[in-house]
Amino acid sequence: MNENGDQMSKNTDSLLDIVLSELLIPNQMSVSSLESAMDSFGARSIDFGEVFIQSVNYESFSLEDGRVKAGSFSQNSGFGVRAISGEKTGFSYCDGIDADSLIGSAKTAASIAKRGSGIKRENYSKTNSLSKYASVDPLTSMSDKEKANILLEIDQNARRADSRVEEVSASLTSSFERMLVMSSDGVLAADIRPLVRLSVSVIAVEGNKRERGSAGGGGRYSLDKLVSSESPSRFAREAVRMAEVNLRAKPAPAGRMQVVLGPGWPGVLLHEAVGHGLEGDFNRKGSSTFSGRIGEKVASPLCTVVDDGTLFDRRGSLSIDDEGTPTQRNILIENGVLTNYMQDKLNSRLMNVPTTGNGRRESYACLPMPRMTNTFLEAGKSDPLEILNSMDRGVYAVNFGGGSVDITSGSFVFSATEAYFVEGGEIKYPIKGATLTGSGPEVMRNISMIGNDLQLDSGVGVCGKQGQSVPVGVGQPTLKIDEIVVGGTQTES
Amino acid sequence: MFFDLQKLKTDLTAVIAKSVDGGLSIGADEVEVMVARDQGLEVSVRHGRIENLELSNDFSLSISVLFGKRKGSVSSTNFDDSSIKSLLAKAKDLTLLLEEDPHYGLAPGGLNPKKLVELDLYHPWITEPTDAVAIALAIERAGLSLNEKLLRPDSAEVSTTNSLVGYGNSNGFSAVIPRSRHSMSSVFVAEEKNGMQRDYWYSMARDPEELRQADEVGKEAARRSLAKLNPERPISGVFPVLFAPDCASSLISHFISAVNGSSQFKKASFLLDRIGQKIFPEWLTITENPLEPRSLGGAFFDSDGVQTRNNKFVTDGVLTSYVLSNYSAKRLGLETTGNAGGVRNLTLAGPSSGQKDLLKKIGRGVLVSSLMGQGVNIVNGDYSRGASGFWVENGKISHAIDNFTIAGNLSDMFFGIQALGDDADKRFNVRTPSILVDSMAVAS
């Protein structure tokens with residue numbers, strides 16, 4: 001290991017000590033309280049036991065009517081205890097952290113899960129992983145006055161950018177999470193996770209037309225880093241530009257046609273069309289359209305799709321997942337061939353494959369599941385302009401609201417919020433937001449050109465699965481889909 | 001496993017009082033508090049075996065303090081005295097930074113309920129995990145019995161939650177209400193040579209007596225999954241669209257979003273300043289009934305502590321009221337409608353017909369049974385969503401369809417409602433029957 005690596009693992013050691021002292025000592029607990037909880041699972045009755053403790057401080061300031069007049073702060077902490085035998089999971093969680101309820105919950109969880117092959121008392125080894133972000137508390141990284149000033153600056157910039165802007169709202173949120181996990185496979189790991197996000201939304205009015213534009217960004221760092229790396233006024237101008245484009249938008253066409261997607265956030269395509277379908281739980285149960293298809297061609301040979309939780313400072317990144325497994329770069333599809341699913345501990349054990357660092361949970365009150373981190377399509381060789389020029393007639397979509405997927409049938413949708421009608425390789429005019437729909441494997445096979453301009457999104461993604469929300473990232477280069485359904489109102493018949 | 005209701009009620013009442021008094025004692029002019037305590041049990045089974053068994057224990061406390069016209073809001077999962085104290089201090093700090101809003105402030109005390117109204121919302125059900133498991137297994141067995149060859153159970157769940165929710169403010173109003181909520185749900189995957197389909201069904205109620213039978217829930221989920229097999233793509237064009245009750249509920253929710261006070265004062269609505277104007281056909285009336293006993297949306301005060309009432313939002317097709325909280329009403333120079341936190345038990349009234357008649361009315365078109373995606377723009381009314389459902393030909397369901405979109409503008413869609421079904425779905429807060437919209441663009 002190189003010098004830098006040693007340095008980093010030392011940091012991880014001290015990080016664990018910091019989290020242990022901050023989460024346990026104020027609640028009159030120590031590592032031995034966690035060990036007692038592990039002991040109370042009852043050694044012979046289960047296959048796997050885990051204690052997860054978490055504390056999240058969250059703060060939000062928002063601006064409306066040109067004034068910063070709403071602010072909120074929350075402090076949530078608690079623990080979740082899980083015992084697994086075979087496919088059976090017993091889970092008990094409680095808001096608040098105290099040793100007695102922890103042991104009570106461990107007993108309850110174990111009694112639910114009972115009849116496993118037995119866990120051995122392990123010597124808990126501290127997980128060493130490189131930190132993927134700084135251990136900073138973004139709430140205290142800047143004075144409240146400065147936070148308010150960022151929002152005021154956005155308001156002024158947005159109104160200055162275009163006189164048709166009638167309403168501006170903006171919010172700045174910061175969260176500071178500390179998590180600690182101990183499990184019967186010998187893991188004792190902790191993480192400190194900052195997360196900040198800036199969001200801007202404007203409404204511009206012309207005559208009786210009224211359109212919204214929005215922009216935002218963030219990541220796992222402090223607020224001063226957010227402000228220094230991305231000028232807040234840029235978000236303001238971007239939101240105004242989008243509203244202005246939508247004021248000129250004409251009705252969207254309807255039917256199957258060529259679609260070119262811009263780089264960055266349109267990568268929500270990958271998240272919906274293939275990402276969810278490659279999560280281990282669905283594939284263990286055989287309920288995904290991609291089940292049992294490792295080694296098969298599931299996309300155009302141009303496509304290499306990656307889920308990478310290790311990217312520095314990214315919204316979807318984690319140093320360790322919520323089960324204490326270090327995150328990694330997982331190649332899901334390589335040159336069109338399905339290579340890997342994303343796994344948590346439960347599903348990797350039942351499918352007899354390695355974990356991939358994708359075990360995530362919304363909070364202590366939820367069970368971990370295989371989830372995405374930062375999911376993107378690798379860059380191709382084409383010049384983005386050449387891709388656009390190659391279109392006969394179709395839609396060029398550069399911004400999206402979001403999407404969803406039925407992993408069983410493979411049907412997915414994603415909704416454009418900024419798009420243009422293209423004819424003869426030229427952009428003709430902006431069109432109203434339209435939903436694009438298709439079947440994942442079919443659309444992935446229809447990708448015929450991939451640009452050399454890979455971009456990740458600006459850090460705004462939230463992914464929902466079975467009621468649990470987690471921050472994620474997406475990305476892609478410009479790409480061309482030869483045929484997909486565009487859900488406009490202008491039908492040809 | 002469940003809590004001692006009386007003792008907890010006393011505890012929460014004390015937490016409210018401590019928070020209100022604590023806020024006033026640090027100089028706040030007004031204080032508002034919400035507390036909740038939930039205990040729940042949830043079981044899921046798959047292939048005849050337990051998959052997950054979860055026990056939950058939730059505490060939440062939210063406090064807003066007003067210093068003049070400055071407001072700070074804080075929340076926590078801790079109820080103890082020192083947490084309340086530090087939360088209040090944090091709330092005070094926040095207000096020092098924030099700017100004033102002349103419309104902030106509690107609703108006038110006169111709008112708080114004069115007395116408690118018993119809505120009968122608390123009916124504990126299962127206490128033993130084994131009982132929940134037995135029901136979940138029965139759901140799965142019943143569904144599977146429909147077609148063991150094509151069906152695969154994905155999950156059958158039983159869940160029960162008992163809660164106490166409390167509200168209090170510095171005008172002297174305070175109440176702690178016990179509520180329960182129970183559900184049974186089922187998901188099946190149906191598979192044939194040319195692909196898999198999944199669908200689900202569930203039943204939910206405050207009183208377990210009002211839940212559907214386990215057998216019925218499992219069979220309905222299985223029936224729906226089987227019906228989706230072998231989908232085709234519809235032809236593109238303009239057709240009548242029949243929204244099944246759960247999809248129709250989302251449609252009416254878009255109307256509620258557009259006439260919500262905050263969309264109005266932010267001027268972020270395609271139905272801006274439309275009071276007194278015709279939005280729907282003249283035979284349609286939309287009301288809410290928050291005081292219906294044992295109902296999922298039942299509440300006699302809203303999240304501002306204001307007494308709820310039977311609002312009529314649409315009368316004979318005409319928009320007669322916005323959906324207002326105390327704050328949004330003040331912003332618009334109006335009176336609150338007791339809708340802080342949303343509408344409760346919203347109901348559509350008008351002539352209704354059975355599904356058979358509605359399909360006959362369509363002749364040729366689309367029955368939408370599920371919707372996907374976020375393609376709804378409340379600012380301009382543009383609507384474009386992914387859908388799956390059934391093709392209707394000669395007034396009858398012909399075959400399953402998927403991978404298509406339906407698009408239009410909500411203004412036209414509301415005005416173009418042609419008929420209602422007789423199948424209103426009480427599982428939702430927005431209880432809609434099937435809704436037939438005269439024409440939408442179908443793309444595939």
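## Domains of chain A

The C-alpha centres of domain 1 of chain A and domain 2 of chain A lie 23 Å apart, where domain 1 spans residues 3–247 and domain 2 spans 254–487, with bounds taken from an automatic or database domain assignment. This is a predicted model, in which local features need pLDDT of at least 70 and side-chain atom pairs count only at pLDDT 80 or more, while totals for chains, interfaces and linings use all residues. Residues are numbered from 1 along each chain as its sequence is written, and chains are lettered from A and ligands numbered from 1 in the order in which they are written.

Between these two domains of chain A, 36 residues of domain 1 are in contact with 27 residues of domain 2, contact being defined as C-beta atoms, placed from the backbone, that lie within 7 Å. The side of domain 1 of chain A that touches domain 2 of chain A divides into 17 nonpolar, 13 polar and six charged residues; here Ala, Val, Leu, Ile, Met, Phe, Trp, Tyr, Cys and Pro count as nonpolar, Asp, Glu, Lys and Arg as charged, and the others, Gly among them, as polar.

## Domains of chain B

Chain B is divided into domain 1 (5–227) and domain 2 (237–443), and the C-alpha centres of these two domains of chain B lie 25 Å apart. In chain B, 18 residues of domain 1 are in contact with 18 residues of domain 2, and the side of domain 1 of chain B that touches domain 2 of chain B has 11 nonpolar, three polar and four charged residues.

## Where the chains meet

In the contact between the chains, 59 residues of chain B meet 64 residues of chain A. The largest share of the side of chain B that touches chain A, 11 residues, comes from β2(B), a strand that covers residues 49–67; helices (H or I, at least four residues) and strands (E, at least two) are DSSP runs, numbered from the N terminus. By class, the side of chain B that touches chain A has 19 nonpolar, 25 polar and 15 charged residues.

Strand β3 (residues 88–95) of chain A pairs with β2(B) in the parallel sense over four bridges, pairing being defined by at least two bridges found by DSSP. Phe91(A) stands opposite Glu54(B) in β2(B).

## Nonpolar cores

A nonpolar core is a set of buried Ala, Val, Leu, Ile, Met, Phe, Trp, Tyr and Cys residues joined through C-beta atoms within 7 Å, and a residue is buried if 20 or more other C-beta atoms lie within 10 Å of its own, with C-beta atoms placed from the backbone. The largest such core has 187 residues, of which Val486(A) and Val368(B) touch the most other members. Leaving aside residues up to four places away in sequence, Val368(B) touches several residues, including Val241(B), Phe243(B) and Ile406(B). A second, separate core of 73 residues includes Leu16(A), Val51(A), Ala83(A) and Leu151(B).

## A helix and a sheet in chain B

In helix α8 (residues 355–362) of chain B, Leu358(B), Leu359(B) and Ile362(B) are buried. Seen down the axis of α8(B), its buried residues fall within an arc of 100°, so they line one face of the helix; the arc is that of the directions from the helix axis to the C-beta atoms. Just after α8(B), Gly363(B) takes a positive phi of about 70°.

Five strands of chain B form an open sheet in the order β10-β9-β8-β11-β17, with mixed pairing. Because β10 (318–319) and β17 (430–431) of chain B stand at the edges, each with a single partner strand, one side of each is left without a neighbour in the sheet. Strand β9 (residues 312–315) of chain B is joined to β10(B) by two bridges and runs antiparallel to β10(B), and Val314(B) stands opposite Leu319(B) in β10(B).

Terms used
Buried ≥ 20, exposed ≤ 12 C-beta atoms within 10 Å, placed from the backbone.
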